[in-house]
Amino acid sequence: ETEPVFHEWMDRGLGVLGNHAGEDLRGLYLAGGDGRDAAGERLAAPALSDPLTVIVNVAMAQLVMSWGVAPSNLVGASTGEIAAAVVAGVIGFDEAIGLAHLHGRLAEAGPADARAGARAELRAFASALELAPPGMPLVSGRTGAAMTLAQATSLETWVNAGGDETCLDDAIAALAARPDRVFLALAADPEFAARVRANDALTPNQVIAALRAPEDAVADDVH
C-alpha cells in the first residue's frame, strides 16, 4: 500500500503464478480475517510457496535497490537461490516463477512415476530458459562458494535448484571474511535472518531483516 515498487513486482508475480496455477491468487495472498488460516494452508503447498518465495524476494530486492542500496553479492537458500539469479540477471522474473512452480510440483509429487513425470516437465521447461551471465556475484547456498559463469548459465544448476541449503553457513562465512560487510536478509521467513545472524563469523549488528516476523505487532513499512 505504501511502496509502489514492491506492489508492482508483487502484482506482476502473482499474476504470472496465477496463470501457472490456474487461479487468481491475489485475493488468496491478501486474505484476512476468517479466511486467513485457510489461505495460509493453501499457499503453503510447495507449488505455490516456492514461487511465492521468488516473488517476495525479488520484489523486496527491487524495492531496496530503488532506495539506492547496491548489493555487492547475492546469496540464496533453496528456492531463494532462484530469486538471487533473477536479481543478478541470469533468469527472467516470469520464467523464474514458472521454474519455482515446477520445483514445487516436483516436491509434491508422490509415487515414482509421478515424480518422473514432474521432473521431465521441469527439465523441459528449464531447457527453454535463456540464461545470461550474472550481472553481480552469486554465492551458492548449495556449495558455499562463488557461482562460476559456467554454473550460473548451466541448465543443470537450475534443474537441481531448491531444497538443498547444506552449505549456506559456509557461504555466509565466506562473505563475512570482509568484516565491513552488512547482510540484508530479504526472505519472508524470519528463520532465514535468524540463521544468518547466528553464523559465528558475524556479529548480530551486521544482519538486517528487511521483513518483520508475522508475530511482530508493527506495520511492515514501519519495520
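This is a predicted model: local features need pLDDT of at least 70, side-chain atom pairs count only at pLDDT 80 or more; totals for chains, interfaces and linings use all residues.
Visitor: What makes the pair E121 and R105 a salt bridge?

Guide: The closest N and O atoms of E121 and R105 are 3.3 Å apart. A salt bridge requires a side-chain nitrogen of Lys or Arg within 4 Å of a carboxyl oxygen of Asp or Glu, so the pair qualifies. By this rule the count comes to ten salt bridges.

Visitor: Why is the pair said to tie together separate parts of the chain?

Guide: E121 belongs to helix α7 (residues 112–127) and R105 to helix α6 (residues 93–108), so the bridge joins parts that are 16 residues apart in sequence.

Visitor: Why are E121 and R105 called partly exposed?

Guide: E121 has a relative accessible area of 35%, and R105 has a relative accessibility of 37%. Buried means under 20% and exposed over 50%, with partly exposed in between, so E121 is partly exposed and R105 is partly exposed.

Visitor: What makes R123 and E156 a salt bridge, and where do the two residues lie?

Guide: Their closest N and O atoms are 2.8 Å apart, which is within the 4 Å cut-off and therefore meets the criterion. The bridge links distant parts of the chain, with R123 in helix α7 and E156 in helix α9 (residues 155–159), 33 residues apart. The relative accessible area is 31% for R123 and 35% for E156; R123 is thus partly exposed, and E156 is partly exposed as well.

Visitor: How do you know whether A193 is buried or exposed?

Guide: The relative accessibility of A193 is 7%; buried means under 20%, so A193 counts as buried. A193 is located in helix α11 (residues 190–197). Leaving aside residues up to four places away in sequence, A193 touches A185, V207 and A209. The C-alpha atoms of A193 and E121 are separated by 33 Å, the two residues being 72 residues apart along the chain.

Visitor: Why are α1 and α4 called roughly antiparallel?

Guide: Helix α1 (residues 4–21) and helix α4 (residues 46–66) pack at an angle of about 160°. Angles over 145 degrees count as roughly antiparallel, and the pair is therefore described in that way. Their axes are 8 Å apart, and the crossing is right-handed.

Visitor: Which residues of α1 meet α4, and which classes do the contact residues fall into?

Guide: From α1, the residues are V5, F6, W9, M10, G13, L14, L17 and A21. Among their counterparts in α4 are A47, L48, P51, L52 and I55. The contact of α1 with α4 has 17 nonpolar, three polar and no charged residues.

Visitor: What makes the phi of S78 worth noting?

Guide: S78 has a positive phi of about 55° although it is not a glycine. Most residues other than glycine have a negative phi. S78 lies in the loop between β1 (74–76) and α5 (80–87). At 16% relative accessibility, S78 is under the 20% limit and therefore counts as buried.

Visitor: Why is P71 called partly exposed, and what does P71 touch?

Guide: P71 has a relative accessibility of 31%, between 20% and 50%, so it counts as partly exposed. P71 lies in the loop between α4 and β1. Not counting residues up to four places away in sequence, P71 touches M65 and M136. P71 and M136 are 65 residues apart in sequence, and their C-alpha atoms are 8.1 Å apart in space.

Key. Residues are numbered from 1 along each chain as its sequence is written. Side-chain values use heavy atoms; hydrogens and water are left out. Helices (H or I, at least four residues) and strands (E, at least two) are DSSP runs, numbered from the N terminus. Buried means under 20% relative accessible area, exposed over 50%, partly exposed in between (1.4 Å probe, protein chains only). Contact means heavy atoms within 4.5 Å. Axes are lines fitted to C-alpha atoms, for helices over the stretch in contact, and angles run from 0 to 180 degrees between N-to-C directions. Angles under 35 degrees count as roughly parallel, over 145 as roughly antiparallel, 65 to 115 as roughly perpendicular and the rest as oblique. A crossing is left-handed if the near helix is turned anticlockwise from the far one by less than a right angle, and right-handed if clockwise. Ala, Val, Leu, Ile, Met, Phe, Trp, Tyr, Cys and Pro count as nonpolar, Asp, Glu, Lys and Arg as charged, and the others, Gly among them, as polar.
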